[in-house]
Amino acid sequence: MSLQNINNPFKSLKFRHLVMRFLISSLLIGFVVYFLEASFGFKLNQQDSLIVVYIIQFVLVCLWTIKDFGRLKAKIKYVIGDVPQNYNWLGSAWLVPVAIIFSLSAFIVLFYLLSLLAPNFVEQLLKNVADTPTVENSNSFASNLLTTIAFCFVAPITEEFLFRGIILQRWATKWGISAGLLSSSLLFGFLHPQNPIGLSLLGIVLGILYIKTRSLVVPIVFHALNNILAVSTQLLPNDSSSYKPEESLQSLISYWWIGLLLMAISLPFLLRFIWKNWPSKNTAIPYLNNANKRRVKN
């Protein structure tokens with residue numbers, strides 16, 4: 001059966017609806033948190049509050065979007081796809097450490113350039129970081145566990161579903177596969193302002209994996225591995241009494257050349273992967289390919 005004859009729900013699923021859902025969920029969660037604090041004195045520290053809000057908001061928006069599939073006569077199984085058979089997981093595993101190295105190098109270089117262009121802003125940022133609880137300087141096991149669950153499990157599933165499963169396919173339907181891949185990846189990076197360059201490139205890699213395998217499971221796994229490695233380095237034993245985050249960030253400015261070196265090492269590998277696997281102009285979105293595959297089997 002021709003792909004043109006298959007219902008494409010992404011013609012009707014609007015990006016602005018996602019934005020609206022995020023705004024509404026933010027207001028609802030904010031109201032609930034205020035009510036709990038005012039009525040029962042329930043209060044979390046700043047770090048835990050942000051993580052709890054993140055988990056609830058992203059899960060809520062995902063469930064809301066899935067519920068909308070009924071109106072659009074869409075099937076979630078075509079978004080997720082099948083776990084690819086005989087996929088060379090080990091052969092692609094190098095993408096994870098290389099992507100992390102590039103993300104770190106991009107962060108160092110960007111932070112150094114920012115220190116030259118806006119030194120007062122960086123100085124204030126260092127002061128804010130010094131007062132903000134993190135995994136390294138937190139003694140709370142519950143806080144560390146909450147952070148691990150959020151970044152290693154919730155984030156890979158919800159963010160891949162929204163950015164690759166929904167936004168990429170919506171914009172690819174509207175503007176073409178290349179424009180959809182690039183624009184959704186840039187949005188992914190922009191919404192991670194601590195490292196927009198590194199996360200934008202990671203978004204491109206994850207999008208290519210989704211388009212190539214037609215399975216959302218693959219980018220979810222690679223996203224999870226990326227976050228697990230990143231978080232695990234923060235959970236390594238350290239002398240928390242002498243840990244000073246403002247000094248750690250200040251040292252990044254001093255060693256900007258290391259960032260350039262790491263970028264020179266990692267970027268060629270990522271660019272080669274992107275160049276070899278960039279989708280052709282006529283590549284269909286994974287949803288249509290999966291729907292066509294199921295219908296052919298039946």
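Leu-261 counts as partly exposed, because its relative accessibility is 48%, where partly exposed covers values between buried (under 20% relative accessible area) and exposed (over 50%), found with a 1.4 Å probe and protein chains only. The structure discussed here is a predicted model, in which local features need pLDDT of at least 70 and side-chain atom pairs count only at pLDDT 80 or more, while totals for chains, interfaces and linings use all residues. Residues are numbered from 1 along each chain as its sequence is written, and side-chain values use heavy atoms, with hydrogens and water left out.

Leu-261 is placed in helix H12, residues 256–277; helices are DSSP runs of H or I with at least four residues, numbered from the N terminus. Leu-261 also belongs to a nonpolar surface patch of about 810 Å², whose other members include Trp-94, Tyr-255, Trp-256 and Phe-269. Such a patch joins nonpolar side chains (Val, Leu, Ile, Met, Phe, Trp, Tyr) within 5 Å, taken from residues with over 30% relative accessible area and no salt bridge, whereas like charges are joined within 9 Å.

**Salt bridges**

Side chains of opposite charge can pair when their charged atoms come close. A search of the whole structure finds 3 salt bridges, each being a side-chain nitrogen of Lys or Arg within 4 Å of a carboxyl oxygen of Asp or Glu.

| Pair | N to O distance |
|---|---|
| Asp-68 and Arg-21 | 3.0 Å |
| Arg-71 and Asp-68 | 2.9 Å |
| Arg-164 and Glu-160 | 2.6 Å |

In the pair of Asp-68 and Arg-21, joined by a salt bridge, Asp-68 lies in helix H2 (residues 46–72) and Arg-21 in helix H1 (residues 15–40), so the pair ties together parts that are 47 residues apart in sequence. Both Asp-68 and Arg-21 are buried, the relative accessible area of Asp-68 being 11%. Arg-71, by contrast, is exposed at 53%, and it stands 3 residues from Asp-68 in helix H2, a separation of about one helical turn.

Arg-164 and Glu-160 lie 4 residues apart in helix H7 (residues 141–175), which is about one turn of the helix. Arg-164 is buried with a relative accessible area of 0%, and Glu-160 is likewise counted as buried at 0%.

Helix H7 gives the largest share of the lining, 4 residues, and by class the lining has 7 nonpolar, 6 polar and 2 charged residues.

**Two loop residues**

Most residues other than glycine have a negative phi. Lys-73, however, has a positive phi near 55°, and is found in the loop between H2 and helix H3 (76–80), where Lys-73 counts as exposed at 71% relative accessibility. Asn-86 also has a positive phi, about 55°, although it is not a glycine; Asn-86 lies in the loop between H3 and helix H4 (89–92) and is exposed, with a relative accessible area of 81%.

Methods: Areas by Shrake-Rupley, 256 points an atom, 1.4 Å probe, with all protein chains shown as cover. Nonpolar A, V, L, I, M, F, W, Y, C, P; charged D, E, K, R; others polar.
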